[in-house]
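These are my notebook entries on one structure. I wrote down what I looked up, in the order I looked it up.

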Amino acid sequence: MSALTAVAGLLLGFFGLPTLVNSPTARPVVVTVTVPAPPAAGATPATATSTPVPETSAPDADAPETIPAPPPLPTGTVTLKDLTPLGDYGDDMVGLSTATLGGKAHPNAIVIKYPCQGPVEYGLNQRYKSLTFTVGLDDNSLATSGKLTVIGDGKPLRSVMLEINRPQTVTVDLTGVIRLGIQSDIDDGCTTGAVVIALGGAVLRS
């Protein structure tokens with residue numbers, strides 16, 4: 001028996017022992033690979049974000065220029081002479097001067113020197129409720145007769161008879177009036193400077 005063992009050992013030593021033995025007890029080699037987990041249900045994948053840069057718009061060269069609104073009309077108690085008449089009236093037609101009505105001087109009266117012209121108009125824009133004035137023919141005017149009519153938006157509001165040395169003080173309701181007109185009508189013609197109609201102390205009230 002020992003002889004057989006010795007022979008076997010000799011044979012093994014001659015041919016060599018296999019390096020890898022397929023033994024049932026040998027441990028298998030395990031290779032670990034890391035795989036990223038899938039995103040959870042409903043989650044939004046992360047994406048790179050950037051901060052938006054606000055856009056600046058250049059001025060439009062074709063845009064219309066802003067036109068400033070005209071200054072508002074004064075309110076309270078305002079003299080009619082302080083408003084600028086609408087239209088172009090020459091000094092030989094309408095102006096401001098001292099007038100004498102029934103022996104009483106009225107400085108800065110509105111004087112109409114050409115009675116047959118169209119109405120002298122003012123823009124009121126519904127700012128005033130009444131107009132009070134003293135009207136008549138200047139004491140140095142041609143002694144004649146006629147009438148003066150106050151017009152609101154094209155409609156006669158009040159007519160006053162004109163006679164030398166008989167001025168009248170009247171108040172006219174201007175509620176809601178946008179455009180005021182003062183129209184004169186003289187019986188004896190339209191000679192410039194011969195007939196002078198004067199409105200003294202004309203006051204608007206809002």
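Entry 1. I began with Glu-121, which is partly exposed because its relative accessibility is 22%. For this I used the cut-offs of under 20% relative accessible area for buried, over 50% for exposed, and partly exposed in between, with a 1.4 Å probe and protein chains only. The model is a predicted one, so I kept in mind that local features need pLDDT of at least 70, that side-chain atom pairs count only at pLDDT 80 or more, and that totals for chains, interfaces and linings use all residues. Residues are numbered from 1 along each chain as its sequence is written, and side-chain values use heavy atoms, with hydrogens and water left out.

Entry 2. Which side chain does Glu-121 meet in a salt bridge? I found Arg-179, at 3.1 Å from N to O. A salt bridge here is a side-chain nitrogen of Lys or Arg within 4 Å of a carboxyl oxygen of Asp or Glu. Arg-179 belongs to strand β9 and Glu-121 to strand β4, so this pair ties together parts that are 58 residues apart in sequence. Arg-179 has a relative accessible area of 40%, so I noted it as partly exposed.

Entry 3. How many salt bridges does this rule give? The count is two. I looked up Lys-81 and Asp-82, whose side chains meet in a salt bridge at 3.2 Å, N to O. Lys-81 is partly exposed at 32% relative accessibility, whereas Asp-82 is exposed, with a relative accessible area of 52%.

Entry 4. Helices (H or I, at least four residues) and strands (E, at least two) are DSSP runs, numbered from the N terminus. Two strands pair if DSSP finds at least two bridges between them. Four strands make up an open sheet, in the order β4-β9-β6-β7, with antiparallel pairing. At the edges are β4 (120–123) and β7 (155–163), each of which pairs on one side only. From one strand to the next the twist averages 15°; axes are lines fitted to C-alpha atoms, for helices over the stretch in contact, and angles run from 0 to 180 degrees between N-to-C directions.

Entry 5. How many bridges join β4 to β9? I noted four, with β9 covering residues 179–186 and the two strands running antiparallel. Tyr-122 stands opposite Leu-180 in β9.

Entry 6. Next I looked at the loop between β4 and β5, where I found Asn-125 and Gln-126. Asn-125 is not a glycine, yet its phi is positive, at about 50°. At 48% relative accessibility, Asn-125 is partly exposed. Gln-126, also a residue other than glycine, has a positive phi near 65°.

Entry 7. What does Gly-176 touch, not counting residues up to four places away in sequence? I listed Gln-126 and Asp-153, where contact means heavy atoms within 4.5 Å. Gly-176 sits in the loop between β8 (168–173) and β9, and is partly exposed at 33% relative accessibility. Its C-alpha atom is 7.7 Å from that of Arg-127, 49 residues apart along the chain.

Entry 8. Is Ser-130 buried or exposed? I recorded Ser-130 as buried, at 16% relative accessibility. Ser-130 is in strand β5, residues 130–137. Leaving aside neighbours within four places in sequence, Ser-130 contacts Thr-171, Val-172, Leu-174, Val-203, Leu-204 and Arg-205.
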